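Try each task before you read the solution.

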Amino acid sequence: MRGWLMFGCLLFVGPLVAQEGSTAVSVESESDSEMVAEVENAIVKQINDYRKKKELSQLEVNDELQATAKKFAEFMAESGKYGHRADGNTPAERAKAAGYEYCVVRENIAYRTNTGEVTAKSLIDIFVQGWIDSPPHHENIVAKHITQTGAAVATADQTTYYAVHLFGRPKSAQIEISVLNRSGKVQTLSIETNESVDEIEMPPRTTVSMKRCFPTTFRVDGLEAKKVDESVELILTKKGWEVAD
């Protein structure tokens, strides 16, 4: 089989890579709908298998993310338009429209135009391995803070196949953090989250509370940094960080 392959990825709170290649696979004939379903299921399974090898949590299929991926894959297949904003919306906007209350939404996309026999195995190998081999797509795949997923494949002509793989963390899974200053003096608390940095002046005996979608690192002069990736109540003392009982 010979054809064209293109990938794309995006994070909402990438670059596109194009390449030409060939694959020869011999399998039993399949109906198109059965083949598409097989590819969709395999994308989720193989990405979860890959995350397991990296000692990362398994992703649960979410109905809203699945529906979002399916609708967008079908839109690209029917319209011939390609890109994360091909329908005029962002991945997060599409997910929200489907009822997904998100904290984080990440998206990988790809399409393959074939000039020979199309099989489930060839599409699975191309999409999954292509995303794994591409650094920005790989970043989405191995993100520690995502918990849910949805994958879809669509074609309008049995020649060009569009794949959409969504990753999400729901709003209900926000990380809730509080920091109580018991150090006896004013502290400047530096809060680093997803490449953004905020600073807050904390007088003694004050508490700062927040909700975050990403792991967060706290820094105070003279103390080791404290990284948090789950809900917790922190206490800042003269000696360092403590976790409330």
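Predicted model: local features only at pLDDT ≥ 70, side-chain atom pairs only at ≥ 80, totals over all residues.

**Exercise 1: the overall picture**

How many helices and strands are there in the protein chain?

*Solution.* Residues are numbered from 1 along each chain as its sequence is written, and side-chain values use heavy atoms, with hydrogens and water left out.

Step 1. Go through the DSSP runs, numbered from the N terminus: helices are H or I with at least four residues, strands are E with at least two. You get five helices and 14 strands.

Step 2. Now the burial classes: buried means under 20% relative accessible area, exposed means over 50%, and partly exposed is in between (1.4 Å probe, protein chains only). Of the 245 residues in the protein chain, 48% are buried.

Step 3. The protein chain exposes about 12600 Å², and 46% of that is supplied by carbon and sulfur atoms.

**Exercise 2: salt bridges**

*Solution.* Step 1. Side chains of opposite charge can pair when their charged atoms come close. The test here is a side-chain nitrogen of Lys or Arg within 4 Å of a carboxyl oxygen of Asp or Glu.

Step 1. Take E107 and R94, whose closest N and O atoms are 3.0 Å apart. This pair links distant parts of the chain: E107 sits in strand 4 (residues 102-114) and R94 in helix 3 (residues 91-97), 13 residues apart. Both E107 and R94 are buried.

Step 2. Next come D125 and K121, with a salt bridge at 2.8 Å, N to O. About one helical turn separates D125 and K121, because they are four residues apart in helix 4 (residues 120-133). D125 counts as partly exposed at 32% relative accessibility, and K121 is partly exposed too, at 43%.

Step 3. R219 and E192 also form a salt bridge, the closest N and O atoms being 2.6 Å apart. R219 belongs to strand 11 (residues 216-219) and E192 to strand 8 (residues 187-193), so the pair ties together parts that are 27 residues apart in sequence. R219 is partly exposed at 38% relative accessibility, as is E192 at 25%.

Step 4. Look for shared partners: salt bridges join D87, R94 and E107 into one network.

**Exercise 3: positive phi**

Which value of phi does Q158 have, and what is phi near in R205?

*Solution.* Step 1. Recall the background: most residues other than glycine have a negative phi.

Step 1. Q158 has a positive phi of about 60 degrees, although it is not a glycine. Q158 sits in the loop between strand 5 (148-155) and strand 6 (160-170). Its relative accessibility of 44% makes Q158 partly exposed.

Step 2. For R205, phi is near 65 degrees, again positive in a residue other than glycine. R205 is in the loop between strand 9 and strand 10 (207-212). With a relative accessible area of 71%, R205 is exposed.

**Exercise 4: two contact lists**

Is L180 buried or exposed, and which residues does L180 touch?

*Solution.* Step 1. L180 lies in strand 7 (residues 175-181). L180 counts as buried because its relative accessibility is 18%.

Step 1. List the contacts (heavy atoms within 4.5 Å). Leaving out residues up to four places away in sequence, L180 touches M202, R205, T206, T207, L234, I235 and L236.

Step 2. Repeat for N48, found in helix 1 (residues 32-53). N48 is buried at 10% relative accessibility, and N48 touches Q58 and L59, with residues up to four places away in sequence not counted.

Terms used
Areas by Shrake-Rupley, 256 points an atom, 1.4 Å probe, with all protein chains shown as cover.
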